[in-house]
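Here's a quick briefing to read with the model open beside you. Keep in mind that this is a predicted model.

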Amino acid sequence: MAERAALEELVRLQGEHVRGLKQQKASAEQIEEEVAKLLKLKAQLGPDEGKQKFVLKTPKGTRDYSPRQMAVREKVFDVIISCFKRHGAEVIDTPVFELKETLTGKYGEDSKLIYDLKDQGGELLSLRYDLTVPFARYLAMNKLTNIKRYHIAKVYRRDNPAMTRGRYREFYQCDFDIAGQFDPMIPDAECLKIVCEILSSLQIGDFLVKVNDRRILDGMFAVCGVPDSKFRTICSSVDKLDKVPWEEVKNEMVEEKGLAPEVADRIGNYVQQHGEVSLVEQLLQDPKLSQSKQALEGLGDLNLLFEYLTLFGIADKISFNLSLARGLDYYTGVIYEAVLLQTPAQPGEEPLSVGSVAAGGRYDGLVGMFDPKGRKVPCVGLSIGVERIFSIVEQRLEALEEKVRTTETQVLVASAQKKLLEERLKLVAELWDAGIKAELLYKKNPKLLNQLQYCEEAGIPLVAIIGEQELKDGVIKLRSVASREEVDVRREDLVEEIKRRTSPSLCIC
């Protein structure tokens with residue numbers, strides 16, 4: 001008993017410590033760490049006799065979303081979907097889990113992050129890791145050779161994510177892809193245009209889109225002396241250059257992956273270069289790189305791509321970056337990644353990247369992997385990193401202490417006197433039937449002050465007030481919550497007046 005009492009006291013003290021940290025607005029990581037300690041102590045206590053205790057938490061790498069957070073998400077999704085539709089995309093959906101063999105061998109070193117499901121019906125299944133591989137399976141299965149589609153859905157990765165930076169084990173992806181045989185670089189340029197349109201519309205800060213081509217990377221590896229068998233694994237190392245310095249990447253290549261130091265140095269001379277179309281032209285003249293047919297094809301296509309990007313008016317947002325590798329195995333051509341930029345501390349310094357918010361590329365061979373006859377369907381696409389965008393928008397709104405409406409209610413039906421519930425119910429039904437977003441308080445005789453306060457708190461712009469005199473006169477008193485002005489409106493004109501006074505809420509993104 002004494003041991004249990006001591007444990008209960010530790011639980012109480014740790015609980016107070018966690019509450020204190022929350023009041024002090026400590027970092028999310030610190031709070032999460034102390035909550036974990038609290039849960040561990042509670043687990044040691046065990047269940048009370050005759051009473052089952054539950055640990056009330058979401059699984060690691062997941063989260064709940066409050067109405068406020070969902071309102072932000074919906075507005076972000078609206079911006080993204082309207083852009084996809086503006087570019088003529090259709091929408092599809094696929095199952096949240098696929099046959100394990102569908103996903104196996106498509107993600108390189110990241111394959112270890114796939115969630116496998118227990119076999120319960122004779123099929124080996126896995127949760128989808130992204131939306132691209134299921135899309136390729138969908139094309140092959142339905143024998144489609146031409147489609148422009150978008151798909152917004154949750155994907156799953158058995159990662160150790162940093163939730164404070166918008167990384168989770170369960171998260172949304174917003175994908176746009178163009179499948180079909182078209183002239184070079186036109187669909188690729190449109191995908192980059194879409195990325196720029198969405199990031200500009202969301203107003204989340206300055207951004208840069210890095211572009212490269214897997215053919216240039218493979219050609220570069222070949223002329224530098226990388227064995228064919230090590231291309232993909234060295235590609236995965238190069239992809240880390242945006243997060244760690246070259247020396248660490250080189251050390252991984254040499255010490256962990258067995259690459260010769262002089263080969264790593266030759267790679268280093270290339271992958272630390274970045275610039276505009278002039279760098280493409282410079283590399284076309286490079287004596288070593290120009291020996292690779294693959295690299296020349298990639299550089300030629302990038303030259304054409306920059307022409308189209310200039311015509312689309314977005315070339316200033318694009319940087320040719322030889323370190324961009326995109327670790328996924330299925331890319332075959334142009335690859336790109338959009339990063340947000342942080343304002344430099346000193347004038348003249350280059351802006352710093354603070355994280356990827358969109359990525360994509362060309363994958364011409366993926367559909368052929370699923371087609372029984374190996375028929376290829378060229379594809380290019382993009383994925384918007386919405387979870388990171390949600391985090392950025394949420395943080396910005398909190399910093400500004402900006403109020404976010406969580407409902408779209410246009411008007412509250414209220415009464416100024418008692419015994420008018422029936423009239424309120426009749427009026428709110430009329431408004432609903434006319435397509436007006438309306439509410440009423442669930443009380444027989446609510447006080448007018450309480451009804452007006454509810455409107456203030458919920459951000460409802462109008463109140464339709466019924467009183468005995470209004471009923472006699474055949475009018476409704478329409479009150480503006482913001483200005484407190486009141487006007488009598490004939491009942492038959494009320495719907496039109498509400499529509500006139502309420503317009504769609506402005507996007508906060």
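**Helix α3**

- **Length:** α3 runs over residues 67-86, so to speak a 20-residue helix, and spans 28 Å from first C-alpha to last, close to the 28 Å expected at 1.5 Å a residue.

**Helix α5**

- **Burial:** α5 (residues 132-141) is mostly covered, with eight of its 10 residues buried.
- **Who's inside:** Those buried residues are Thr132, Val133, Pro134, Phe135, Ala136, Arg137, Leu139 and Ala140.
- **What covers them:** The cover over the buried residues of α5 includes the strands β2 (97-99), β4 (147-156), β5 (170-179) and β11 (379-384), plus the helices α4 (100-103) and α13 (366-370).
- **What comes next:** Lys143 follows α5, and its phi is positive too, near 55°.

**The annotated stretch, 390-417**

- **From the record:** An unreviewed UniProt entry annotates residues 390-417 as a "coiled-coil region".
- **In the model:** That span of residues 390-417 is 39% helix and 18% strand.
- **End to end:** The end C-alpha atoms of residues 390-417 are 44 Å apart.

Notes. Residues are numbered from 1 along each chain as its sequence is written. This is a predicted model: local features need pLDDT of at least 70, side-chain atom pairs count only at pLDDT 80 or more; totals for chains, interfaces and linings use all residues. Side-chain values use heavy atoms; hydrogens and water are left out. UniProt positions are given in the numbering used here, feature names are shortened, and annotations may be inferred rather than shown by experiment. Helices (H or I, at least four residues) and strands (E, at least two) are DSSP runs, numbered from the N terminus. Buried means under 20% relative accessible area, exposed over 50%, partly exposed in between (1.4 Å probe, protein chains only). Contact means heavy atoms within 4.5 Å. The expected span of a helix is 1.5 Å times one less than its number of residues.
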